[in-house]
Amino acid sequence: MPHTASAGKRLRKNEKRKKRNRLVAKAIKIKRKASAAALTEGDAAKVGATFQATQATLDRAADKGYIHRNKAARLKSRLAKKIKAATKTAAK
């Protein structure tokens, strides 16, 4: 238990932030899995829609400071690379 009022407040703030961070991390994970599933199905419209949703979620998380902006950029880049490779093989 915290000994001072400020330590108590800090504890409450940390708990709220932990919950929020976990929710954002879970949302990112769900969107990335949806994008991966759409890639395996091969539906181009679904791939585009899930990619946009994933991109928006990552950008929002980076803007709010839940994840580093470079991490968001890296994840988006990797996903775009996979989509590009999948569309190339589908076109052949």
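Me: Where does Thr 54 lie?
Reply: In this predicted model, Thr 54 is part of helix H2, which covers residues 44–64.

Me: Buried or exposed?
Reply: Thr 54 counts as buried, because its relative accessibility is 2% and the cut-off for buried is under 20%.

Me: What does Thr 54 touch, leaving out residues up to four places away in sequence?
Reply: Thr 54 touches Lys 31, Arg 32, Ser 35 and Leu 79.

Me: Which side chain has a polar contact with the side chain of Thr 54?
Reply: That of Ser 35, at 2.7 Å. A polar atom of the Thr 54 side chain also lies 3.2 Å from the backbone oxygen of Lys 31.

Me: Switching to charges. How many salt bridges?
Reply: The count is two salt bridges.

Me: OK, which residue pairs with Lys 46?
Reply: Glu 41. Their side chains form a salt bridge with an N to O distance of 3.2 Å.

Me: And how exposed is Lys 46?
Reply: Lys 46 is partly exposed, at 37% relative accessible area. Its partner in the salt bridge, Glu 41, counts as exposed at 51% relative accessibility.

Me: What about Lys 76, which side chain does it meet in a salt bridge?
Reply: The side chain of Asp 59, at 2.6 Å, N to O. Lys 76 sits in helix H3 (residues 69–91) and Asp 59 in helix H2, so this pair ties together parts 17 residues apart in sequence.

Me: What is the relative accessible area of Asp 59?
Reply: The value for Asp 59 is 29%, so this residue is partly exposed.

Technical notes:
Residues numbered from 1 in each chain as written. Predicted model: local features only at pLDDT ≥ 70, side-chain atom pairs only at ≥ 80, totals over all residues. Heavy atoms only, no water. Helix = DSSP H or I, 4+ residues; strand = E, 2+ residues; numbered from the N terminus. Buried < 20%, exposed > 50% of the residue type's maximum accessible area, 1.4 Å probe, protein only. Polar contact = N/O pair within 3.5 Å; in protein donor to acceptor, adjacent residues only side chain to side chain. Contact = heavy atoms within 4.5 Å. Salt bridge = Lys/Arg side-chain N within 4 Å of Asp/Glu carboxyl O.
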